[in-house]
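This briefing is meant for a reader who is meeting the structure for the first time. Please keep the sequence and the model in view while reading the points below.

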Amino acid sequence: MKKIFIINGGQNFAHSGGKFNQTVTDWTIEYLTNSKQFEVKTTDIKQEVDLDEEVEKFVWADVVVYHTPVWWFQLPNLFKKYIDDVFTAGHQKGIYKNDGRTRTNPDINYGTGGLLHGRKYMLTTSWNAPATAFTLPGEFFEETTVDEGVMFGFHKMNKFVGMEKLDGFHFHDVEKGATAENIGIFKVNYTNHLEQIFKTL
C-alpha cells in the first residue's frame with residue numbers, strides 16, 4: 001500500500017479565505033481513500049505543527065502532494081515558513097544531509113545531498129491568472145509555463161532533497177472563474193489527472 005502525504009498550503013489572508021485549496025485537498029483525500037490502495041497522512045499549514053512529526057511524514061511518504069495558491073508569484077507566507085522550518089529541522093534527520101559538495105572539490109555536485117531519494121512529489125497550484133496568460137504571445141508570463149517559471153525554484157527545492165517530480169496540475173482563473181459549473185469541471189479534470197498519475201505508481 002503506497003503512503004501519501006498531502007499538504008494543504010492555503011491560508012486565510014486579505015481577500016483569500018483558503019477555501020479552494022481546502023476543496024482541492026478534500027478531492028485528493030476522497031480519490032485516494034475511495035481507491036483503497038493508499039495510506040494517507042495530511043497537514044494543514046494553518047494549524048500548529050510539531051516539526052519533528054512533519055519531518056517524519058516526509059520520510060514516511062512514498063509520495064508528497066503539495067496544494068498551494070500562488071500569491072504575488074510566490075508561495076503564501078505560512079507555507080513558505082512551514083517548508084523553511086520543516087526542511088531545516090530535517091537536516092541529518094532524513095530530509096537532507098548537506099548540499100552534496102565536498103570541501104576538497106566544492107565546485108561540483110551541489111544539490112546532491114538529499115535523503116528523500118525514492119520518493120516522488122506532485123504539485124498543484126491555483127491562480128487568479130487565466131491559462132492563456134502563460135501561453136499566448138505578448139501576454140504576461142511571456143509563454144513560460146508555471147513549472148518553468150514561477151515554480152522553478154520550488155521544483156529545485158524538491159530535487160535538492162532527493163525527490164522526483166510527478167506531473168502536477170494547475171488551476172487557473174480561480175477567482176473570476178469560480179462558478180459552480182467551473183468548479184465541477186475542475187474536479188472532473190483533476191480527478192482524471194489523479195487517476196493517470198496514481199495508476200502508474
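Helix H3 gives the largest share of the lining of the second largest pocket, namely 5 residues. The model is a predicted one, in which local features need pLDDT of at least 70 and side-chain atom pairs count only at pLDDT 80 or more, while totals for chains, interfaces and linings use all residues. Residues are numbered from 1 along each chain as its sequence is written, and side-chain values use heavy atoms, with hydrogens and water left out. Helices (H or I, at least four residues) and strands (E, at least two) are DSSP runs, numbered from the N terminus.

**The second largest pocket**

- The second largest pocket holds about 260 Å³ of space, where a pocket is an open set of points on a 1 Å grid over the protein atoms alone at which a 1.4 Å probe fits, with protein on both sides within 12 Å along at least five of seven lines.
- Its volume is the space filled by probe spheres set on the points, which are joined across faces, edges and corners.
- The lining of this pocket has 13 residues, and those nearest its centre are Leu-75, Lys-80, Gly-153, Phe-154 and Met-157; a lining residue has an atom within 4 Å of a point.
- Two or more lining residues come from each of helix H3 (77-89) and helix H5 (152-160).
- By type, the lining residues are 8 nonpolar, 3 polar and 2 charged, with Ala, Val, Leu, Ile, Met, Phe, Trp, Tyr, Cys and Pro counted as nonpolar, Asp, Glu, Lys and Arg as charged, and the others, Gly among them, as polar.

**How helices H2 and H3 meet**

- The axes of helix H2 (residues 51-60) and H3 come within 9 Å and cross at roughly 80°; these axes are lines fitted to C-alpha atoms over the stretch in contact, and angles run from 0 to 180 degrees between N-to-C directions.
- H2 and H3 are therefore roughly perpendicular to each other, a term used for angles of 65 to 115 degrees.
- On the H2 side, Leu-51, Glu-54, Val-55 and Phe-58 meet Tyr-82, Asp-85, Val-86, Phe-87 and Ala-89 of H3, with contact meaning heavy atoms within 4.5 Å.
- The residues of this contact divide into 7 nonpolar, no polar and 2 charged.

**Buried residues and their contacts**

- His-67 lies in strand E3 (residues 63-69) and counts as buried because its relative accessibility is 0%, the cut-offs being under 20% relative accessible area for buried, over 50% for exposed and in between for partly exposed (1.4 Å probe, protein chains only).
- Not counting residues up to four places away in sequence, His-67 touches residues that include Ile-6, Asn-8, Asn-21, Phe-79, Thr-124 and Tyr-190.
- Val-65, which is also placed in strand E3, is buried with a relative accessible area of 0%, and beyond its neighbours within four places in sequence it is in contact with Ile-4, Phe-5, Ile-6, Ile-7, Thr-28, Met-122 and Phe-198.
- Asn-21, in helix H1 (residues 19-35), counts as buried at 4% relative accessibility.
- The C-alpha atoms of Asn-21 and Thr-68 are separated by 6.5 Å, although these residues are 47 residues apart along the chain, and Thr-68 is among the residues that Asn-21 touches.
- Leu-116, in the loop between H3 and strand E4 (120-126), counts as buried at 0% relative accessibility.
- Phe-58 is 58 residues from Leu-116 along the chain, and their C-alpha atoms are separated by 7.9 Å; the residues that Leu-116 touches include Phe-58, Val-59, Ile-95 and Met-163.

- Most residues other than glycine have a negative phi.
- Lys-36, however, has a positive phi of about 60° although it is not a glycine; Lys-36 lies in the loop between H1 and strand E2 (38-44) and is exposed, with a relative accessible area of 66%.
- Asn-109 likewise has a positive phi, near 70°, and this residue of the loop between H3 and E4 is partly exposed, with a relative accessible area of 45%.
- Val-150, in the loop between helix H4 (132-135) and H5, counts as partly exposed at 25% relative accessibility, and the residues that Val-150 touches include Val-70, Phe-73, Trp-127 and Phe-141.

Note on methods
Angles under 35 degrees count as roughly parallel, over 145 as roughly antiparallel, 65 to 115 as roughly perpendicular and the rest as oblique.
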